[in-house]
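Student: Could you walk me through this structure? I would like to know what the terms rest on.
Tutor: Gladly, let's take it step by step.

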Amino acid sequence: MNEPARKMDYKRPDLSGAPDIVEIKKLVTHYGEREILHGIDLSVREGEIMVIMGGSGSGKSTLLNTLLGLLHPTSGEVRILGENLHGVSDVERTRLRQKMGVAFQGGALFSSMNVLENIMLPLREHTKLDANTMRIMARLKMQVVSLDGFEALMPAELSGGMIKRAAFARAIVMDPRILFCDEPSAGLDPVVASAIDDLILTLRDAMGMSIVVVTHELESAFKIADRICVLDKGNILMVGTTEEVRGCDNERIQNLLNRRTEEKVLDPDEYLRNLTAAND
């Protein structure tokens, strides 16, 4: 499948007066006794593409799972469309999630269903539409992601880029207000990864949705982001535009951008103390 290319003169919209559609306030999250997120404050504007990036162990996945309601915070709150995601009933949370789409990292397509059936699945689960209407809606979304004509293929017959596109079609089939993307270009060759970036920009422009992207792909982040949130060890180092992040003089941010390792000098005495303590 040939991937379309986007012109390089893409102009980001002015979102300075846009209202917040996601609000994260003093968010603290634990795994057991280990604190992962240390009082996160972050907002996402309506119509914005917010990229959350950071190194391994920075807390990106934990933050995403908390935003999706899959992980309950220790304290603080997450407000989606003005509602406290973790303070509502299960029924209300399910209703709220129907306004949120999720494109998972590996696509998460069901191997026993063809492409059209996979994309129709949210409609079957959450609506009472007749089968013909659901097929029409699913096919319309397949056209949006340039997958029309591939309805009958099984997931095993799809390329990596096509799997990603099918995942996006399923995520937007119910016209969500917010789309969450987990590592959308991971594992793809540069040309296909660039086309997925173009698709994310197209979805925002065509459907007016807010998009939150978690990624470690620097080129992708700087191509699609209106703003970037840089996480490090469960803390936010910075939230800013791509230009602001590039120009930031924070050493840890520059190490991340320039792929520089942070070497730790090994103290022999400390090593021996730790080794002795481990054997006690």
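Student: In which helix is the place of Arg-93?
Tutor: Arg-93 sits in helix H2, residues 90-97. Helices (H or I, at least four residues) and strands (E, at least two) are DSSP runs, numbered from the N terminus. A word on the source: this is a predicted model, where local features need pLDDT of at least 70 and side-chain atom pairs count only at pLDDT 80 or more, while totals for chains, interfaces and linings use all residues. Residues are numbered from 1 along each chain as its sequence is written, and side-chain values use heavy atoms, with hydrogens and water left out.

Student: Why is Arg-93 called buried?
Tutor: Buried means under 20% relative accessible area, exposed over 50%, partly exposed in between (1.4 Å probe, protein chains only). Arg-93 has a relative accessible area of 12%, so it is buried.

Student: What joins the side chains of Arg-93 and Asp-90?
Tutor: A polar contact of 2.9 Å links them. Such a contact is a pair of N or O atoms within 3.5 Å; within protein, one must be able to donate a hydrogen and the other to accept it, and residues adjacent in sequence count only if both atoms are side-chain atoms.

Student: Which residues does Arg-93 touch, not counting those up to four places away in sequence?
Tutor: Arg-93 touches Leu-85, His-86 and Val-88. Contact here means heavy atoms within 4.5 Å.

Student: Why is Glu-48 called buried?
Tutor: Glu-48 has a relative accessible area of 1%, so the word buried applies. Glu-48 lies in the loop between strand S2 (34-45) and strand S3 (49-54). A polar atom of the Glu-48 side chain is 2.8 Å from the backbone nitrogen of Arg-45. Beyond residues up to four places away in sequence, Glu-48 touches several others, including Leu-15, Arg-204 and Asp-226.

Student: What caps the N-terminal end of H3?
Tutor: Asn-114 does, with a side-chain oxygen 3.2 Å from the backbone nitrogen of Leu-116. Within H3, the buried residues include Val-115, Ile-119 and Leu-123. The buried residues of H3 pack against helix H4 (131-144) and H5.

Student: How do you know that the radius of gyration agrees with a compact globule?
Tutor: The radius is taken over C-alpha atoms, and the globule rule is 2.2 Å times the number of residues to the power 0.38. With 280 residues, a compact globule would have a radius near 19 Å; the chain has 20 Å, so the value agrees. The chain contains ten helices and ten strands, and buried residues make up 46% of its 280 residues.
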